[in-house]
Amino acid sequence: MRMNQSVKNMTTAALMLALGLVLPFLTGQIPEIGSQLCPMHLPVLLCGFLCGWKYGLGVGFIVPLLRSALFGMPVMYPAALAMAFELGTYGMVAGWLWQVSKYQCTKALYRCLIAAMLAGRLVWGLVMMLLLGLGQFTWQMFLGAAFVTTLPGIILQLVLVPLIMVGLRRAGVIRYRSQAV
């Protein structure tokens with residue numbers, strides 16, 4: 001019996017939401033390690049790739065806010081609020097670019113992933129600037145928090161997301177499209 005695609009997407013999105021809530025516990029609730037490894041980002045990016053941009057946007061926006069409300073980490077203002085926009089952008093851009101890619105292959109996956117990561121960080125910086133004020137959130141703070149501090153997480157995302165996607169493809173769970181949309 002084939003599962004309806006919308007049921008499959010909702011189930012996968014719920015799994016990614018749950019992973020987004022649980023994975024940060026691997027960092028031991030130590031904010032410094034969590035901000036370096038970015039554990040909530042992984043399931044959001046995967047959700048965008050697996051379920052599409054709408055689910056990626058929804059899961060990405062909800063995860064940091066729900067996690068903040070349930071566990072107090074990240075702090076709601078400004079961290080969780082800015083992360084909601086950042087992760088929502090991650091899921092939306094990754095899902096949309098993957099959906100409209102002429103070919104779905106590992107090279108295209110990396111292009112979509114890198115574009116989503118850059119777009120999400122840019123949105124995070126803009127939201128932080130709006131929340132904290134232009135004088136309080138400087139260019140140096142943006143570069144430090146978005147790229148320098150999170151370098152281990154960036155590397156982790158660039159390694160794990162493609163590995164998981166290729167593994168799911170090889171296992172027959174997902175299929176890459178090999179022709180234009």
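A pocket here is an open set of points on a 1 Å grid over the protein atoms alone, where a 1.4 Å probe fits, with protein on both sides within 12 Å along at least five of seven lines, and lining residues have an atom within 4 Å of a point. The model is predicted, with local features needing pLDDT of at least 70 and side-chain atom pairs counting only at pLDDT 80 or more, whereas totals for chains, interfaces and linings use all residues. Residues are numbered from 1 along each chain as its sequence is written, and side-chain values use heavy atoms, with hydrogens and water left out.

Colour next α2 (31-37), α5, α6 and α7, the elements that give two or more residues to this second lining; helices are DSSP runs of H or I with at least four residues, numbered from the N terminus. The largest share of that lining, five residues, comes from α5.

Move on to Gln157 in helix α8 (residues 151-170). Gln157 is buried, with a relative accessible area of 0%, where buried means under 20% with a 1.4 Å probe and protein chains only. Leaving aside neighbours within four places in sequence, the contacts of Gln157 (heavy atoms within 4.5 Å) include Cys38, His41, Tyr90 and Arg121.

Finish at the largest pocket, where Gln5, Phe49, Leu50, Cys51 and Ile174 lie nearest the centre among 32 lining residues. Helices α1 (5-22), α3 (41-51), α5 (76-100) and α8 each supply at least two residues of this lining.

Technical notes. Buried means under 20% relative accessible area, exposed over 50%, partly exposed in between (1.4 Å probe, protein chains only).
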